[in-house]
Amino acid sequence: MSKPKRHERGTDLYLEETERFKFRKKDWWKYLIGLALLFIYLYPFFIIINVSLKPFGDTTSRMKFPDPVYWDNFKSVIAAGDIFVGIRNSLIITVLVLILEIVVGCMAAYALARNQSKVNEVVRSLIMSVMMITPLTILVGVYSTMSKIHATSTYWGMVLLLSSFGLPMVIFLYTNFISSIPVALDEAAAIDGASNLQIFFKIILPQLKSVTVTVIILQGVGIWNEYTYSYYFLQKKEMQTITLVIKTFFSSVSNDYGSAAATAVIGMAPLIILYLFLQKYFIQGQVDSAIKS
Amino acid sequence: MTRKRLRKLNWFYVPAVVLMLVFIAYPLFNAVYLSFFKWNGYSVSKEFIGFQNYISMFEDKVFRSSLRNTLIYGFICTFLQQIIGLAMAVFLNTKFKGRGIVRTVIYMPAMVSSLVMGYIMYFFFQTKGGVMNDILNAFAGTSVDWLGNGNIAIAVIVFINTWQFVGVSMVIYLAGIQGVSQSYIEAATVDGANAWQRFRFITLPLLQPALASSVIYNLIGGLKLYDVIIALTDGGPAKKTHSLATYIANRYFDAERAGFAAAIGVFSFVMIMVISMIVNAYFRKKEVDY
């Protein structure tokens with residue numbers, strides 16, 4: 001499958017427009033549709049912020065602005081501190097998984113891109129077919145394996161598990177990229193007496209910056225938002241990730257939606273803010289990874 | 001590079017392969033193995049019962065409805081996402097002020113965990129005090145029990161998943177449209193093709209690769225749907241909205257039927273594999289035609 005040539009006409013996929021458009025009267029219908037789309041996509045965010053700013057007993061419609069604005073949900077959620085434990089755990093797990101995936105995935109991709117023997121082609125297609133295994137289908141097997149090796153409710157267990165599921169995509173992205181680096185570079189270094197490891201670290205690794213950004217963004221979003229496995233393997237309260245903390249608030253019997261909404265708002269904020277500032281990279285990453293197989 | 005060097009290079013993929021063997025391949029075989037046992041998930045003893053789990057699986061009404069729902073979540077969401085995503089991409093490729101902001105906002109929900117999105121949507125579809133019913137009450141004076149009726153709840157779940165991830169399709173199509181060389185379009189314009197003809201006979205065929213990747217992305221996303229359902233209905237009412245994914249978790253942990261859950265897992269693993277292979281092969285064959 002060929003990649004769409006996205007650099008051909010500038011980078012107008014993104015917010016930074018390369019051309020400036022003038023408002024023209026006959027385009028009124030475009031503005032109408034545009035506004036409708038903005039409404040449909042922003043309204044849910046408005047609602048959750050609205051709910052987070054109303055007190056527990058407030059029975060006014062969710063669509064009505066809070067009057068007066070009630071900040072205590074945020075105050076009490078921040079004072080309780082669970083949310084920061086969640087953010088800390090999510091950060092630790094996300095960073096560790098990314099480091100592991102990048103190092104292990106990069107090295108594997110280098111070997112698979114350079115040595116395309118028959119055996120390695122089989123290895124490669126087996127790794128790629130793992131992309132189609134969804135987490136829940138082998139839940140029973142994963143759960144009994146994780147308990148056997150005492151990996152439940154540990155950072156290392158979660159990190160190794162999530163990395164394994166992310167690796168196929170990472171290896172796929174790196175293999176494509178490394179294949180486009182001329183082998184002549186490796187060979188020249190090899191003649192000068194460099195070992196495989198030296199070539200990898202000194203010649204290949206420095207050239208992988210752009211694809212690494214893609215990997216970090218794409219996998220980072222997935223791991224930060226991960227819920228399925230975290231729910232089953234991080235059952236201790238002090239191990240909970242941000243998604244689990246949000247879930248705890250929503251599924252508690254007290255139905256304190258104000259605090260739950262405040263937690264959700266704080267939990268969503270980091271990624272959304274990052275996205276708004278770095279959207280060029282987010283969207284590039286999405287396009288790169290989707291144009292696969 | 002020399003042969004010996006290349007062979008030594010293979011050590012580089014050993015860590016990745018070991019990780020995937022321990023955390024994916026072994027659990028997969030383990031799941032297949034356990035699917036032949038009657039086991040509650042924690043006790044030391046388990047009883048070998050052959051294919052009994054698979055037989056009772058097909059006799060189970062909830063399994064059959066979860067299978068049907070999974071196919072609905074997979075195929076209907078994918079279908080809607082392609083139509084709407086392509087329409088959005090075409091629209092947002094026309095020139096008007098502020099189109100960049102609209103693109104940014106449409107992709108934004110993909111940044112939010114589906115579980116959290118499910119909770120946000122609960123504020124809309126709750127029977128009492130939900131936004132949808134507030135609107136209906138104001139205009140029509142009635143309200144709908146969105147999540148209390150199986151079929152409506154399934155439609156709501158389809159809607160939410162489509163809404164949340166249509167931005168991904170839009171972005172893929174937009175990249176595809178921008179990749180179509182301007183010279184083709186200009187040549188066709190000179191030949192007197194109108195806007196619709198240019199789209200139908202030039203842009204659309206050249207979007208084939210974008211279509212393939214978008215379909216496969218959405219299809220796998222829909223077939224493994226889990227988080228939204230957990231947040232919104234938890235499989236209810238009366239187990240009517242379960243997908244295979246949520247039903248596996250439900251049988252394993254709530255009903256303590258680990259062997260049975262493993263059998264459903266093996267079934268859905270094979271199903272997703274076969275569906276993606278067929279879809280892949282279909283698009284590959286199509287690609288040759290153009």
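## Domains of chain A

The domain assignment divides chain A into domain 1, residues 25–70, and domain 2, residues 82–251 + 260–290. The model described here is predicted. Taken over C-alpha atoms, the centres of domain 1 and domain 2 of chain A are separated by 35 Å.

Contact between these two domains of chain A involves four residues of domain 1 and four residues of domain 2. On the side of domain 1 of chain A that touches domain 2, three residues are nonpolar, one is polar and none is charged.

## Packing of α3 and α9 in chain A

In chain A, helix α3 (residues 82–114) and helix α9 (residues 209–224) have axes that come within 10 Å and cross at roughly 140°. Because of this angle, α3(A) is oblique to α9(A). The crossing of the two helices α3(A) and α9(A) is right-handed.

From α3(A), the contact is made by S90(A), I93(A), T94(A), V97(A), L98(A), E101(A) and I102(A). The partners on α9(A) are T212(A), V215(A), I216(A), Q219(A), G220(A), I223(A) and W224(A). By class, eight residues of this contact are nonpolar, five are polar and one is charged.

## Interface between chains A and B

Between the chains, 86 residues of chain A are in contact with 83 residues of chain B. On the chain A side, the elements giving two or more residues are α1 (28–52), α3, α4 (118–129), α5 (139–148), α6 (155–179), α7 (183–191), α11 (242–251) and α12 (257–290). Helix α1(A) provides the largest share of that side, twelve residues.

The side of chain A that touches chain B comprises 53 nonpolar, 20 polar and 13 charged residues.

Note on methods
Residues are numbered from 1 along each chain as its sequence is written. Chains are lettered from A and ligands numbered from 1 in the order in which they are written. This is a predicted model: local features need pLDDT of at least 70, side-chain atom pairs count only at pLDDT 80 or more; totals for chains, interfaces and linings use all residues. Axes are lines fitted to C-alpha atoms, for helices over the stretch in contact, and angles run from 0 to 180 degrees between N-to-C directions. Helices (H or I, at least four residues) and strands (E, at least two) are DSSP runs, numbered from the N terminus. Angles under 35 degrees count as roughly parallel, over 145 as roughly antiparallel, 65 to 115 as roughly perpendicular and the rest as oblique. A crossing is left-handed if the near helix is turned anticlockwise from the far one by less than a right angle, and right-handed if clockwise. Two residues are in contact if their C-beta atoms, placed from the backbone, lie within 7 Å. Ala, Val, Leu, Ile, Met, Phe, Trp, Tyr, Cys and Pro count as nonpolar, Asp, Glu, Lys and Arg as charged, and the others, Gly among them, as polar. Domain bounds come from an automatic or database domain assignment.
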